[in-house]
Amino acid sequence: MRNVLVGVSMLAGVASQALISPALADVQIGILMPKTGFGAGFGAEEQGSIDLFMSKFADLGPAGKLKLTIYDTRGEPAQAISLTRKLIDTDNVLAILGPYFSGESEAAFPVANRAATPIVTPSSAKPGIAAANRPWAFRNASTTDKTDAALVAHWLKRQATPIRKVVIFYDGKDAVSSSDGKAVMPAVLKANGIDVVDSISFQTGDVDFSAQVTRAKALGADGIVVTALFTEAGHLTRELRRQGMQQPILAGVELSLDHKFIETAGEAAAEGVLTGADFNRDSPRPSVVAFVKEYQERVGQLPGNSSALMYDALFLMRHCIMTTGVTGSSAADKTKIRDCWANLKDVDAPIAGPSSIDANGDATHAPNFLVVKGGKFVVDR
Amino acid sequence: MILLQQIINGVMLGSTYALVAIGYSLIFGVLRLLHFAHGEVFMVGAFIALCSVWFLNAGPVLAVICAAIGCAALGVVIEFVAFRPVRRRSGGMLAPIVSSLGVGLLLQEVATNIFGADQTRFPPQFEATVYHFGSLFVTSTQLFILGTSFGLMLLVHLFISKTKYGLAMRAVAENVDVAGLLGINSNAVVVLTFAVASALGGVAGVLVGFAFSAISPFMGISMTIKGLVVMLIGGLGNVYGAMIGGLVLGIAEVLTVGYLASSYRDAFSFALLIVVLLVRPQGLFSGGLRAGH
């Protein structure tokens with residue numbers, strides 16, 4: 001009975017919207033993010049930024065108000081596909097922000113591209129996903145092929161004893177971790193003259209890493225590279241230290257600077273792990289300081305990497321709506337938004353600063369290097 | 001040396017599988033019925049232990065005892081609410097299975113609402129001490145797990161083979177009607193079976209929580225499937241088969257990950273299951289609770 005009522009009220013909502021919307025000419029933007037499932041933590045960080053942003057910038061001037069339709073993908077590619085369709089066909093959005101994960105973006109981008117609707121992921125980092133879906137797909141996150149070279153160079157530079165042999169651990173089930181651990185990282189390491197002695201996989205959701213670590217122990221590696229989401233990376237780091245592997249650890253950008261990595265690994269085990277991220281919470285940039293303060297006041301928690309990425313993505317989307325004369329009722333609106341993203345050059349986003357999109361549809365900003373010290377991520381110079 | 005360490009890793013993993021599968025087997029042996037919410041009982045055990053640590057400041061032993069008692073009670077409630085009414089009304093296999101699936105989902109949702117969907121863990125004082133023997137290592141948690149699981153397996157063996165209640169359980173497993181004619185209260189035996197099986201499942205949940213410091217409302221899902229595989233490998237309803245089957249599966253999984261790749265782990269486990277079913281369709285140990293005692 002309750003379902004029927006919800007259905008009826010939804011129908012009523014759609015009907016009234018259809019009647020009113022031409023007059024108001026608000027701008028409808030869809031958002032896809034993981035609110036439940038294993039990525040729920042990322043979704044919560046994004047939601048904090050959405051609340052903060054909408055409290056400040058919902059007004060678009062002559063174009064009316066910014067209206068968001070938010071759907072939960074649960075981190076699943078199949079959901080991302082059907083919700084992208086729903087946003088475009090039923091909700092008539094002008095553009096989509098999301099989805100979060102690379103696996104989801106790989107699945108959802110072709111749908112939006114075929115429907116000629118701009119889609120911008122704030123986070124996915126697997127190389128080539130936007131390039132394969134020109135001209136409508138973009139992302140405001142730097143891809144691993146751009147970040148890894150800088151990250152590895154920085155990691156090697158900070159070691160007291162040089163690293164010559166590395167063992168890679170990667171999550172074979174997560175799209176970006178898998179491509180990073182199997183292709184991108186090995187190429188970068190090889191370019192630095194480092195021998196990759198073994199690549200050992202695990203699966204998203206694993207909690208027992210004893211077999212993988214025991215296998216790695218005998219290989220005589222002097223460095224460890226981990227490409228995995230924060231939970232699995234945390235369990236792996238804990239097991240590495242427990243089995244006595246004390247080699248320096250480099251964790252890829254997949255970690256997304258999530259503090260739960262340190263909780264899961266334990267402070268002692270996580271100490272000294274180096275990682276890269278788009279966001280540096282302790283940056284002295286005034287706009288970052290203001291963002292951290294306002295976010296904390298509004299949400300009651302410190303913003304994470306995913307909060308920062310979503311905030312910038314919303315900022316740039318609003319920039320594209322306001323500077324190109326999008327009205328919310330014109331057929332050319334989608335094209336205007338697309339062309340704005342495609343030609344984005346040095347637009348001053350609040351967190352990342354000057355933001356540009358390259359010919360592949362990817363962002364170009366450089367990563368920050370962060371190291372775990374005393375249970376916190378701090379900038380490593 | 002590496003192989004030996006991997007086998008130790010496998011025994012650790014396998015002993016928790018065995019505890020889950022023993023509970024499964026007890027219920028299947030007595031009732032001829034698959035209890036698909038058993039994995040969720042396992043999950044609830046971990047959360048009960050976590051609460052006992054939070055609110056009663058319990059140590060590992062007390063946490064295990066709390067989980068055992070709590071889950072035994074939960075098992076009895078499940079029998080009264082989800083199995084007995086269904087069993088009484090329909091003679092078929094299907095209704096109780098569906099009913100137990102429902103209980104499983106219910107427990108998952110309740111746990112998600114109370115504790116959230118994220119992984120939680122025991123506080124750091126439960127962190128293991130690591131003992132190194134040359135290039136081999138074991139942790140205090142692992143020894144605790146090993147001791148608890150093998151101790152419980154021995155207790156279950158003694159219970160089934162030496163006590164009056166164990167004898168009654170075997171009689172009911174043999175034939176409910178005949179057992180009733182002989183003066184055994186079969187309903188009481190079923191309740192007892194659920195209590196014992198659920199207590200074992202709950203303890204396994206705590207041990208997994210200790211070992212991998214990962215407790216989540218969804219940790220029971222894969223356990224339900226693994227427990228089923230173990231039971232089929234060991235022989236349907238055979239408690240000793242479940243013990244051996246658990247260890248076999250644990251070692252097989254660890255060796256697959258250690259020498260092949262993690263993506264083959266489940267494929268290999270199920271291949272093992274198919275081979276066992278082809279070569280020995282009754283499982284490694286046949287006859288269930290009815291024979292072999």
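Here are some notes on the predicted model above, point by point.

1. Ground rules. In this predicted model, local features need pLDDT of at least 70 and side-chain atom pairs count only at pLDDT 80 or more, while totals for chains, interfaces and linings use all residues. Residues are numbered from 1 along each chain as its sequence is written, chains are lettered from A and ligands numbered from 1 in the order in which they are written, and side-chain values use heavy atoms, with hydrogens and water left out.

2. The disulfide. Searching the whole structure over all chains turns up one disulfide (a pair of cysteine sulfur atoms within 2.5 Å). The partners are A:Cys320 and A:Cys340, with sulfur atoms 2.0 Å apart. The S-S torsion of this pair is about -75°, so the disulfide is left-handed. A:Cys320 sits in helix α12 (residues 305–323) of chain A and A:Cys340 in helix α13 (residues 333–342) of chain A, so the pair ties together parts that are 20 residues apart in sequence. (Helices are DSSP runs of H or I, at least four residues; strands are runs of E, at least two; both are numbered from the N terminus.) A:Cys320 is buried at 0% relative accessibility, and A:Cys340 is buried too, at 11%. (Buried means under 20% relative accessible area, exposed over 50%, partly exposed in between, using a 1.4 Å probe and protein chains only.)

3. B:Cys51 is in no disulfide; its nearest cysteine sulfur belongs to B:Cys66, 9.9 Å away. B:Cys51 is partly exposed, with a relative accessible area of 22%. B:Cys71 is in no disulfide either, with the sulfur of B:Cys66 the nearest at 11 Å. B:Cys71 is buried at 0%.

4. Helix α2 of chain B. Its 19 residues (38–56) should span 27 Å at 1.5 Å a residue, and the end C-alpha atoms are 26 Å apart, which agrees. (The expected span is 1.5 Å times one less than the number of residues.) Since 14 of the 19 residues of α2(B) are buried, the helix is largely enclosed by the rest of the structure. Just after α2(B), B:Asn57 takes a positive phi of about 55°.

5. Most residues other than glycine have a negative phi, and most peptide bonds are trans. The bond joining A:Gly98 and A:Pro99 is cis, with omega about -10°; A:Pro99 is in the loop between β3 (95–97) and α4 (102–114) of chain A. The bond from A:Arg134 to A:Pro135 is also cis, omega near 5°. A:Ser256 has a positive phi near 55°, and A:Leu257 has a positive phi near 55° as well. A:Ser256 is buried at 6% and A:Leu257 at 9%.

6. Cavities. The count comes to four cavities of 30 Å³ or more. (On a 1 Å grid over the protein atoms alone, a cavity is a set of points where a 1.4 Å probe fits but cannot get out; lining residues have an atom within 4 Å of a point.

Notes: 1 Å grid on protein atoms, 1.4 Å probe; cavity = no way out; pocket = protein on both sides within 12 Å on 5 of 7 lines; lining within 4 Å. Points joined across faces, edges and corners; volume = space filled by probe spheres on them.
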